Each structure stands twice: as C-alpha cells, then as structure tokens.
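Visitor: Please walk me through this model, one topic at a time.
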Amino acid sequence: MAIKSVLKKISVFILDIIFPIYCLGCGAEGKWICSECSEKVELLKKQACPVCGVESRTGARCFNCRAKTELDGVIAAAAYFGKERKESLVKKAIHIFKYRFVKDLAEPLAAVITRQLKNRQIAKPEKSIIFGPYINDKIIIPVPLHLKRFRWRGFNQADLLADNIAKYFDLPLEKSALARRKNNIPQVEVRDRRERMKNIKDAFICVDGAKVKDKIVILVDDVATTSATLGECAKALKNSGAKEVWGVVVARGG
Ligand SMILES: [Zn+2]
Ligand SMILES: [Zn+2]
C-alpha cells in the first residue's frame, strides 16, 4: 500500500515534469482548477423546473409537469455558458473531464456541486434535499454508464462526482442498484428534444429494489440537458419503490 502510494506520487511527479498542468481558468501551474478560480465559479442562483424550465425556487418540477416526469426536481450548480454564451470554465472542465479522460477534474467539479448544495442548505435548511427531514433515508446514486461505454472511457464520470459528494456530506453511496441496459447514443449527439426522449426511453433498470425502497435518492450526473436521462432513472427507481428522486448536476445546458 505504502509502496503503491509512493509510486503513484513519483509517477504524478514525473508526469508533472513532462506534462505540467495549468489551471483551466487562469493558466497558473499546478492544478486543473486552482482554488482561486474554483471560488470564482458562479453558482446558479435560480433553479428551474427540469421539464419546462419555468423558475423554481427549490429546483422542484412545477405543478404542470407533475405528470410528465418521475423526477421530483433537479439542482444545477453552475451555468454551462457565461455571458453572451461564452464558454464557462465549468463547460471547459466538463469537456476535458469526459473526453480527455482527466479523472482529476472530478474533485473540483464535485466541489462546485457541494458548494451549491451547502449554500442552499444555509439559506433554506428545511427545503434542502441533503439536510432536510428524513436524513436517514437518503442515498446517493450516480447515473450509470452502459458497460460498453464504461470500458471505452475507463471510468464513469458520474461515479467519481458521486464519490466526492457522498464523502463530503457523509451520505451512503449506492452504485449497484441502478443499471443501464441500453447502450444508446450519447444524448448530446441527438439534437431534437423528442428524439432525445426516445433515445433514452427505458434505458435504465433497478436491479436491487431493496436498496432504494422508501429512500430519497439523490442522482448525480455531470450535465442535465433535457433531464430526460435523469427522468428515466427516476422512473426505474420509483418503480422499485423509491420515495423521491432528485438530480444534482454540475451544470444545466449542453
Ligand atoms: Zn486559476
Ligand atoms: Zn414545468
């Protein structure tokens, strides 16, 4: 164990010499997102109904959309785009995290989520999904990848975010209850909203109902575009008896 961690440190040290890391925000050497830039990431002040986008104080689905999704709500931490649709630091970081396979970005990206959840809890403790009532009934579940895609990428980005969030809030993490049975094409490659719904339909299955029964599930993903993916997860989880299903994501948009 000790040797392994020493070797890891040596290899990180060597890699840092060959490929030094620069902050994606300011270019300072050493970290992918330096602490100064991390603190500067602007949190979304307004949440929205995950289906129609109407403003929602808590991120809960609105009254009109209750029949359209099993998802109780979504909390997004930051904006995908900055002013004038300029690419935000968060968008850049998510892209590199997913497509350049930089696992080290999980921690700073999860930190944006935990900061948002923490702020909301200070503002409205009774409305907080993490700290509100029934604290013992909450579990964290990452949106699963299909095995083929998992093998291709080598990791599930939602898993790594969920690890960090569960650790931070000391909540139980459940990775084996929900599975992806359909290897659909990535939602980001499907333009039309209706096509996206079709693409993801019935993609998930709850394989261990006992683990989610009567639980308030906090689903973790990197980005929610139409919330169709989170909605399908929620459907599978509620079919197995989950009491509530909330999504938490780094960013909304896509
Ligand atoms: Zn920086
Ligand atoms: Zn709505």
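Predicted model: local features only at pLDDT ≥ 70, side-chain atom pairs only at ≥ 80, totals over all residues.

Guide: Residues are numbered from 1 along each chain as its sequence is written, chains are lettered from A and ligands numbered from 1 in the order in which they are written, and side-chain values use heavy atoms, with hydrogens and water left out.

Visitor: What is the geometry of the site of the zinc ion (ligand 1)?
Guide: Cys23, Cys26, Cys34 and Cys37 coordinate the zinc ion (ligand 1) through SG at 2.3 Å. Donors are N, O and S atoms within 2.8 Å of the metal (3.2 Å for Na, K and Ca); water is not among the atoms, so sites may look incomplete. Four donors count as tetrahedral if all angles lie between 85 and 135 degrees. Angles among the 4 donor atoms of the zinc ion (ligand 1) are 103 to 115°, and the site is tetrahedral.

Visitor: Is Cys34 buried or exposed?
Guide: Buried means under 20% relative accessible area, exposed over 50%, partly exposed in between (1.4 Å probe, protein chains only). Cys26, at 48%, is partly exposed. Cys34 has 16% relative accessibility, so Cys34 is buried.

Visitor: Which strands stand at the edges of the sheet?
Guide: Two strands pair if DSSP finds at least two bridges between them; strands (E, at least two residues) are DSSP runs, numbered from the N terminus. The 4 strands of the open, parallel sheet are ordered S3-S8-S7-S4. Those with a single partner strand, so that one side lacks a neighbour in the sheet, are S3 and S4 (138-142).

Technical notes:
Tetrahedral: all angles 85-135°; square planar, octahedral: opposite > 155°, others 65-115°.
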